[in-house]
Protein chains: 2
Amino acid sequence: MTLIECIPNFSEGRRPEVIDEIGAAVASVDGVQLLDVQSDATHNRCVVTFVGHEGPIAEAAFRGIQTAAALIDLNEHEGAHPRFGAADVVPFVPLHSEHMPVCVDVAHVLARRVAVELEIPAFLYEDAARVPEHRNLAVIRGKGFEALREAIATDPARRPDEGQPRVHPTAGAVAIGARFTLIAFNVNLDSDDLELAQRIAREIRERDGGMPRVKAIGLALDDGAVQVSMNLTDYRVTSMADVVGAIGGRAAAAGVVIRESEIVGLLPQDALVQLAKSALHATSLSNAQVLEARVLDTLL
Amino acid sequence: MTLIECIPNFSEGRRPEVIDEIGAAVASVDGVQLLDVQSDATHNRCVVTFVGHEGPIAEAAFRGIQTAAALIDLNEHEGAHPRFGAADVVPFVPLHSEHMPVCVDVAHVLARRVAVELEIPAFLYEDAARVPEHRNLAVIRGKGFEALREAIATDPARRPDEGQPRVHPTAGAVAIGARFTLIAFNVNLDSDDLELAQRIAREIRERDGGMPRVKAIGLALDDGAVQVSMNLTDYRVTSMADVVGAIGGRAAAAGVVIRESEIVGLLPQDALVQLAKSALHATSLSNAQVLEARVLDTLL
């Protein structure tokens with residue numbers, strides 16, 4: 001089973017009929033399951049979440065981009081969020097960690113198709129990046145559509161990975177990428193010592209020389225306890241168990257215990273399988289042994 | 001999501017056309033996914049595995065029982081496995097531990113329907129049992145169809161829970177139950193000391209006063225190592241992590257470490273969620289936070 005999640009962001013958060021049409025275009029592909037559509041009027045942006053196998057998911061992403069390009073004119077778009085495309089960002093995320101190469105392939109093929117068929121220049125980012133300078137989405141997008149329109153033909157650093165060096169006159173450009181699942185994970189300490197939580201966050205986060213693929217800050221909670229609030233950007237590199245161990249050890253040294261941890265939003269089954277493999281020494285455990293995965297396999 | 005697995009056993013393992021027809025009857029229900037059909041000619045028996053929500057799963061089980069009753073005559077059936085019904089055993093298993101009461105309800109309603117519409121007496125077993133003496137399937141089934149045909153009207157202990165005290169002339173009786181998922185779990189020790197594995201198995205298994213819902217034996221593996229081979233009949237009561245801890249501690253006391261553990265066959269996602277809750281202190285983690293479960297929810 002090569003199940004892939006796609007979570008494109010479109011530059012429309014105010015016209016429900018446009019958002020609905022994009023969602024319908026995505027859902028029109030057999031074998032694709034539309035999970036969620038969220039829009040934000042202030043950002044003037046919507047996020048569509050869907051899953052499917054590599055063939056259907058690429059087709060659904062294409063139809064979403066095509067529909068957005070037909071209905072959104074960036075020259076008339078304003079909103080709080082930076083953007084450079086009608087379909088602005090199209091990330092593919094593998095549900096099982098071993099399928100990242102498939103996501104990269106899907107991103108590459110889609111970028112070429114969008115450039116050729118829709119004449120929208122495409123940038124490949126994160127794990128799908130062909131050049132290291134394009135890995136970071138914020139760098140690719142820069143100051144957005146209006147700035148890219150000027151720079152794309154003249155600044156070599158702004159050349160697209162697929163397509164001609166000119167923005168589509170109304171749909172702009174698109175960033176297509178492959179990235180790993182992010183897990184939003186918080187550990188709450190049985191303490192009101194904010195300084196302790198902040199110190200532990202500094203010690204464990206990658207930015208300050210801590211654990212790789214960990215972003216962390218220390219926070220005070222409303223109930224008086226303190227929290228180490230994290231994003232784990234690759235649980236294969238640093239897992240939830242790893243950070244619980246690191247935080248628990250540092251807290252214990254200060255005489256504090258972990259009260260509880262919490263996972264915010266969704267996590268892939270694979271993260272639980274990895275955890276079980278580690279906790280149980282179950283080296284051969286695979287995602288295919290999970291009954292729900294077997295059921296999904298018969299359905300998708 | 002109230003996803004339920006049903007794994008009925010039918011008394012037919014030799015006529016493929018009959019087995020196919022039973023499978024087709026089950027699969028004919030919208031919302032039911034047929035996962036597997038396995039037959040055994042020696043046992044003259046087949047096992048059908050399917051999943052669905054409470055309404056569809058009950059309808060599919062009914063159609064399977066109805067089809068088996070129409071095509072199988074126990075008076076002409078012989079095989080190595082004990083049996084008392086054309087549809088012999090129909091267990092419902094909750095994919096999420098909190099849905100056992102739903103499985104019990106489904107079993108009760110189905111038993112009544114089978115008794116009334118098909119005139120097959122039904123026994124309710126394990127968690128669906130109405131009387132403690134019926135919990136154990138082996139006790140209910142006794143010496144099978146021929147013995148029950150004589151005893152059902154005269155022996156109060158053999159009276160069915162639903163229907164008249166007479167077997168169906170060709171389809172016999174049926175045992176309908178609700179039970180928990182069993183996890184087949186082995187822990188291999190980095191040692192050739194079979195006596196150690198056997199001693200640990202005795203110490204941890206319920207039968208000898210060990211951990212509840214644990215069956216265990218000690219075995220020698222082909223590669224020279226030894227194994228504690230287990231069935232965990234309720235991972236909510238005793239989890240994989242619990243037995244790994246118990247085995248690891250006892251092995252360590254003898255100077256032996258765990259080489260690896262292995263899960264045989266399938267396990268429910270819920271077992272992984274429970275493990276994560278325990279390992280991470282993630283008290284609020286729910287099955288609904290797993291991306292795959294969310295996808296399944298949109299499909300079933």
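Predicted model: local features only at pLDDT ≥ 70, side-chain atom pairs only at ≥ 80, totals over all residues.

Biologist: Which residues of helix 3 of chain B are buried, then?

Modeller: Met100(B), Cys103(B), Val104(B), Val106(B), Ala107(B), Leu110(B), Ala111(B), Val114(B), Ala115(B) and Leu118(B) are buried. Around the axis they cover an arc of only 160 degrees, and therefore they lie on the same side of helix 3 of chain B.

Biologist: What do the buried residues of helix 3 of chain B pack against?

Modeller: Their partners in chain B are strand 1 (4–6), helix 2 (54–71), strand 5 (87–94), strand 6 (122–126) and strand 7 (174–178).

Biologist: Let us turn to a sheet. What is the order of the four strands in the open sheet of chain A?

Modeller: The order is 9-10-8-11, and the pairing is antiparallel. An edge strand pairs on one side only, and here the edges are strand 9 (214–220) and strand 11 (258–264) of chain A. On average, neighbouring strands of this sheet are turned by 20 degrees against each other, if direction is ignored.

Biologist: How many bridges join strand 8 of chain A to strand 11 of chain A, and how many join strand 8 to strand 10 of chain A?

Modeller: Six bridges link strand 8 (residues 183–189) of chain A with strand 11 of chain A, while seven link strand 8 with strand 10 of chain A. To see such pairing residue by residue, look at Ala184(A), which stands opposite Val264(A) in strand 11 of chain A, and at Asn186(A), whose bridge partner in strand 11 is Glu262(A). Towards strand 10 of chain A, Val187(A) stands opposite Val228(A).

Biologist: Why is strand 8 of chain A described as largely enclosed by the rest of the structure?

Modeller: It is described in this way because five of the seven residues of strand 8 of chain A are buried. In a regular strand, the side chains alternate between the two faces of the sheet.

Biologist: Finally, how should I read a loop residue, and where is Gly79(A) found?

Modeller: Begin with its place, then count its neighbours, and then list its contacts. Gly79(A) is in the loop between helix 2 (54–71) and strand 5 (87–94) of chain A. Because Gly79(A) has 16 C-beta neighbours inside 10 Å, it counts as partly exposed. Leaving aside neighbours within four places in sequence, Gly79(A) is in contact with Gly13(A), His43(A), Asn44(A) and Arg45(A). Glu12(A) is 67 residues from Gly79(A) in sequence, yet their C-alpha atoms are 9.0 Å apart in space.

Definitions and conventions. Residues numbered from 1 in each chain as written. Chains lettered and ligands numbered in written order. Buried ≥ 20, exposed ≤ 12 C-beta atoms within 10 Å, placed from the backbone. Helix = DSSP H or I, 4+ residues; strand = E, 2+ residues; numbered from the N terminus. Arc of directions from axis to C-beta. Contact = placed C-beta atoms within 7 Å. Pairing = 2+ DSSP bridges. Axes fitted to C-alpha atoms, helices over the stretch in contact; angles between N-to-C directions.
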